[in-house]
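Q: Can you walk me through this one? Keep it quick.
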Amino acid sequence: MKELLQDSMFFGVAVSVGTFLLATAIKKRWNFFLFNPLLLSITATIAALLIIGIDYQHYNNGAKYLSYLLTPATVALAIPLYEQTMLLKKNFTAIIVGIASGVLMSFVSIFAMAMLFRLGHTEYVTLLPKSITTAIGISLSQELQGYVAITVTAIIMTGLLGNIAGGLICRILGIKHPIAKGIAIGTASHVMGTAKAMEIGEIEGAMSSLSIAVAGCMTVGAAILFEGLI
Amino acid sequence: MKYIIQFEIILAISLVGELLNRLIPLPIPASIYGMAILFTALCTGLIKLSAVKETGKFLIYIMPMMFIPAAVGLIETWEAMQDFIVAIIVISIVSTILVMAAAGHMTQIILKFKGKEEKK
């Protein structure tokens, strides 16, 4: 059984999409916030791999074709953004200053907590890119000589949090304006948060898409100022 | 036919983004170049919205699934992180909430301020 599935090209994709489908059905039936389709399907897929005894490399042989679609999907985020161009032009200052505040807060809070946990330089720069999209985060972590695999993990944990609780956190914090919500979710939790913002509303989704690109580039630019602090 | 054309346009833009990523020595990924190219092309009318809309929206719709493989990769990095796993989790959660608060409230404050100015 294990040997048979291990070398399959379709096992990884089938399990991932299958658990996602199941998780979406569960979410529809019981609308509890921890029943996040992404969280449930990740947990179920990991459980399946551990139970059957298939390692990540073999799983990813098939599953990587799902990741492969991420570039064209991110390119397509320009579509909702284009549909909201008027809004973008009209509120340009608020949007750019908002994203910049988020990027600055990301650096300051990571720096402060790294001091608190007495992290070394390598651990500190590993976490610096955690709020930006994986592809930019990987390059930045490499550039700063962090542990790239751990950067990816922190980015995914951040994104997952945004995807699960982005709407809830905004509600608790009193962020009500659709533009502000989109900027908050996109700046803090990149593409994974944006997937959620898309579900909340068109304006939220478009603003969140914009934030990924802008926050990513701002982070790369500002990282030089912050990397030497620890 | 229509959907094939739409898919090909998005793939072609991804290709250009990939080439730019390789040619320009900046840590900007293919997808971000691609997003900027498609946005510019739509704004200038070079590409009509109807030429990418349905396939693009479909890709966005199924996007959450695309994160599963990367996240399942956690089972591999788990061991390497054990030394500072608590720090990673606390920093990830706290700073995400703080970033949302800063970005969201700053945007909201400026929007409100501008709204008042316009009314005057």
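A: One term to begin with: a residue is buried if 20 or more other C-beta atoms lie within 10 Å of its own, exposed if 12 or fewer, and partly exposed in between, with C-beta atoms placed from the backbone. By that count, 56% of the 230 residues in chain A are buried.

Q: And the ground rules?
A: This is a predicted model: local features need pLDDT of at least 70, side-chain atom pairs count only at pLDDT 80 or more, and totals for chains, interfaces and linings use all residues. Residues are numbered from 1 along each chain as its sequence is written, while chains are lettered from A and ligands numbered from 1 in the order in which they are written.

Q: How many helices and strands in chain A?
A: Chain A has 13 helices and zero strands. Those are DSSP runs numbered from the N terminus (helices H or I, at least four residues; strands E, at least two).

Q: What about the radius of gyration of chain A?
A: It is 19 Å, close to the 17 Å that the globule rule gives for 230 residues, so chain A is as compact as a globular protein of that length. The radius is taken over C-alpha atoms, and the rule is 2.2 Å times the number of residues to the power 0.38.

Q: Switching to the interface. How many residues of each chain are in contact?
A: 91 residues of chain A contact 68 residues of chain B. Contact means C-beta atoms, placed from the backbone, within 7 Å.

Q: Is H10(A) mostly covered or open?
A: Covered: eight of the 10 residues in helix H10 (residues 134-143) of chain A are buried. Among them are Ile136(A), Ile138(A) and Leu140(A).

Q: What do they pack against?
A: The buried residues of H10(A) pack against H9, H11 and H13 of chain A, together with H2 and H4 of chain B. After H10(A) comes Gln145(A), with a positive phi near 60°.

Q: Which residues touch the most others in the largest nonpolar core?
A: Ala76(A), Ala78(A), Ala184(A), Met100(B) and Ala103(B), in a core of 109 residues. H11(A) gives the largest share, 12 residues. Such a core is a set of buried Ala, Val, Leu, Ile, Met, Phe, Trp, Tyr and Cys residues joined through C-beta atoms within 7 Å.

Technical notes: Two residues are in contact if their C-beta atoms, placed from the backbone, lie within 7 Å.
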